[in-house]
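Have the model open and follow along.

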Amino acid sequence: MSDADLFKLYADRVLALAAAIPHTDPLPDPALRATKRAPLCGSTVSVALRLEGDRIAAFSQTVHACALGQASAAIFGAQVIGRTQAEVQGLCETLAAMLKGGPVPDAPFGDYEVLTAARDYPNRHASILLAPEATLLALTAV
């Protein structure tokens, strides 16, 4: 597969993810809320969630971001239910490291591999980190 074919494959996957962001319906009676904004591009993600014990039991997100931020929100949203604060913190750290050349996050967040091409665009990194960082912000407000 050529580099151009690989880029098209990733671009197509990013756009497909961006078009299918889960958990966008408002969450009735959320216990926690937070909004995170990427200052460089102005993208924002707002999250609302409820916990059962120390795990996320219900989640919703409102995403106003570029395709990369939307794809990240889709990947994150597909796996966020059942996660703990420690898991979200770990993802934030691993994802930030991945964007600087580190390894792709482990399962269940391995789909972030599709965003490795964004390493070359540091002005988009904050947008990619918005959904997990907004969730972590909500969780640390407890």
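## Starting at S60

S60 is buried, at 7% relative accessible area (buried means under 20%, exposed over 50%, and partly exposed in between, using a 1.4 Å probe and protein chains only). This serine sits in strand β3; helices (H or I, at least four residues) and strands (E, at least two) are DSSP runs, numbered from the N terminus. Leaving out residues up to four places away in sequence, S60 touches H23, D25, P26, L27, S46, V47 and A48, where contact means heavy atoms within 4.5 Å.

Before going on, a word on the ground rules: this is a predicted model, with local features needing pLDDT of at least 70 and side-chain atom pairs counting only at pLDDT 80 or more, while totals for chains, interfaces and linings use all residues. Residues are numbered from 1 along each chain as its sequence is written, and side-chain values use heavy atoms, with hydrogens and water left out.

D25 itself is exposed, at 61% relative accessible area, whereas H23 counts as partly exposed at 32%.

Most residues other than glycine have a negative phi, and most peptide bonds are trans. H23 has a positive phi of about 60 degrees, and it is not a glycine. D29, in the loop between α1 and β1, also has a positive phi, near 55 degrees. D29 is exposed, with a relative accessible area of 67%.

## Around the β2 end

E52 lies in strand β2 and is exposed, at 60% relative accessible area. G53 is in the loop between β2 and β3 and counts as exposed at 69% relative accessibility. From G53 to T84 the C-alpha distance is 9.2 Å, with 31 residues of sequence separation.

## The nonpolar core

Which residues touch the most other members of the largest nonpolar core? They are V47, L49, F76, Y112 and L115, out of 37 residues in that core (a nonpolar core is a set of buried Ala, Val, Leu, Ile, Met, Phe, Trp, Tyr and Cys residues joined through side-chain atoms within 4.5 Å). The elements giving two or more residues to this core are β1 (32-37), β2 (44-52), β3 (55-64), α2, α3 (85-99) and α4. The largest share, eight residues, comes from α4.

Setting aside neighbours within four places in sequence, Y112 is in contact with S72, I75, F76, L91, L95, M98, V104, P105 and P132. There's a cis peptide bond to look at too: this bond joins A107 and P108, with omega about 10 degrees. P108 is placed in the loop between α3 and α4.

## How α4 packs

Take α2 (residues 67-79) against α4 (residues 125-140): their axes come within 6 Å and cross at roughly 40 degrees (axes are lines fitted to C-alpha atoms, for helices over the stretch in contact, and angles run from 0 to 180 degrees between N-to-C directions). That makes α2 oblique to α4; angles under 35 degrees count as roughly parallel, over 145 as roughly antiparallel, 65 to 115 as roughly perpendicular and the rest as oblique. The crossing is right-handed, that is, the near helix is turned clockwise from the far one by less than a right angle, with anticlockwise being left-handed. On the α2 side L68, G69, S72, A73 and F76 meet S127, I128, A131, P132 and T135 of α4. By class, this contact has six nonpolar, four polar and no charged residues (Ala, Val, Leu, Ile, Met, Phe, Trp, Tyr, Cys and Pro count as nonpolar, Asp, Glu, Lys and Arg as charged, and the others, Gly among them, as polar).

Now α3 against α4: the angle is about 160 degrees, with the axes 9 Å apart. The two helices are therefore roughly antiparallel to each other, and α3 passes α4 in a left-handed crossing. The contact of α3 with α4 has eleven nonpolar, five polar and one charged residues.
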